[in-house]
Amino acid sequence: MTKLAVVYYSATGNIHKLAVAAAAAGEAAGAEVRLRRAAEITDKPLAPNFAAWAEANVEHVGASRDVAEATIDDLDWADAVLWGSPGRYGLIAGPLKHFIDQTFELHARRGLVNKVMSSFTSTGSAHGGQESTILSLNTVFYHWGAVIVAPGVIEDIMLAPSNGNPYGVSATSGLQAVPGGLAGNVTEDNVAAIGFQTRRVLQIASALRVGLAADSTE
């Protein structure tokens with residue numbers, strides 16, 4: 001059974017909704033799944049004067065407390081990791097970067113080599129740095145010696161206008177508040193696309209694990 005960790009940071013619920021969908025798709029595909037959120041690194045609001053964002057942030061953070069915080073053990077355990085982060089000026093959010101910075105010892109003992117990595121994101125606009133956010137995560141994966149798996153455009157669902165790019169599923173959150181928080185902006189196409197991306201990650205991770213095991217016995 002392939003072991004999948006879905007590790008994410010979400011401020012207003014969009015990435016959380018995609019992460020939950022990824023975890024569900026992984027379980028449906030027969031994987032053992034850990035859904036984990038990166039811990040907050042400050043209790044001060046990032047946008048105190050933007051009421052809609054601040055209210056959605058407070059609502060989401062409170063509602064997601066039942067999701068366990070990510071630990072380095074989750075990365076050590078996993079065969080594959082799906083990473084989710086909102087785009088912040090074309091980069092990943094600070095809390096997720098803070099978690100990644102804690103991987104030094106695992107990386108130093110080559111504990112992340114050949115693990116499959118894939119990413120998804122959400123930004124406030126369609127051209128709000130979606131591609132560069134995912135590429136900033138890929139830069140980390142290069143250092144680890146991990147294997148990057150992108151969804152590409154090999155399925156029609158990835159061509160839906162709301163799905164961003166072939167690097168990883170990319171939702172557009174918008175800046176307006178909606179009932180239930182900003183997560184209401186995650187579309188059905190986004191959810192379908194993250195399901196496809198998850199299954200592709202598991203397919204490659206399973207094949208890689210079998211191939212590496214066979215290679216080690218030769």
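Helices (H or I, at least four residues) and strands (E, at least two) are DSSP runs, numbered from the N terminus. With that in hand, find Asn-163, which sits in the loop between β6 (147-148) and β7 (164-165). Before going on, note that this is a predicted model, where local features need pLDDT of at least 70, side-chain atom pairs count only at pLDDT 80 or more, and totals for chains, interfaces and linings use all residues. Residues are numbered from 1 along each chain as its sequence is written, and side-chain values use heavy atoms, with hydrogens and water left out.

So is Asn-163 buried or exposed? It counts as buried because its relative accessibility is 0%; buried means under 20% relative accessible area, exposed over 50%, and partly exposed in between (1.4 Å probe, protein chains only). Its side chain reaches the backbone oxygen of Asp-189 at 3.3 Å, and it also makes a polar contact with the side chain of Asn-190 at 2.7 Å. A polar contact is a pair of N or O atoms within 3.5 Å; within protein, one must be able to donate a hydrogen and the other to accept it, and residues adjacent in sequence count only if both atoms are side-chain atoms.

Now zoom out. The protein chain has 7 helices and 8 strands, and buried residues make up 50% of its 218 residues. Take contact to mean heavy atoms within 4.5 Å. Among contacts between residues at least 6 apart in sequence, 81% join residues at least 24 apart.

Next, look inside. A nonpolar core is a set of buried Ala, Val, Leu, Ile, Met, Phe, Trp, Tyr and Cys residues joined through side-chain atoms within 4.5 Å. The largest one has 27 residues, and Leu-4, Val-6, Leu-18, Phe-120, Ile-194 and Val-201 touch the most other members. Elements that each supply at least two residues of this core include β1 (3-8), α1 and α7 (188-217). A second, separate core of 24 residues includes Ala-70, Trp-83, Ala-93 and Phe-99.

Helix α1 (residues 14-28) has 15 residues and reaches 21 Å from its first C-alpha to its last, close to the 21 Å expected; the expected span is 1.5 Å times one less than the number of residues. Just after α1, Gly-30 takes a positive phi of about 95 degrees. Helix α6 (residues 130-144) also has 15 residues, and its end C-alpha atoms are 22 Å apart, which agrees with the 21 Å it should span. Gly-145 follows α6, and its phi is positive too, near 75 degrees.

Finally, the charged pairs. Side chains of opposite charge can pair when their charged atoms come close. The structure holds 7 salt bridges, each a side-chain nitrogen of Lys or Arg within 4 Å of a carboxyl oxygen of Asp or Glu. Glu-69 and Arg-37 meet in one of them (4.0 Å, N to O). Glu-69 counts as partly exposed at 43% relative accessibility, whereas Arg-37 is buried at 8%. Asp-76 and Arg-109 form another, at 3.2 Å, N to O. Asp-76 lies in helix α3 and Arg-109 in the loop between α5 (104-108) and β5, so the pair ties together parts that are 33 residues apart in sequence. Asp-79 pairs with Arg-209, the closest N and O atoms being 3.9 Å apart; these two are 130 residues apart. Last, Arg-34, Arg-36, Asp-73 and Asp-74 are linked in a network of salt bridges.
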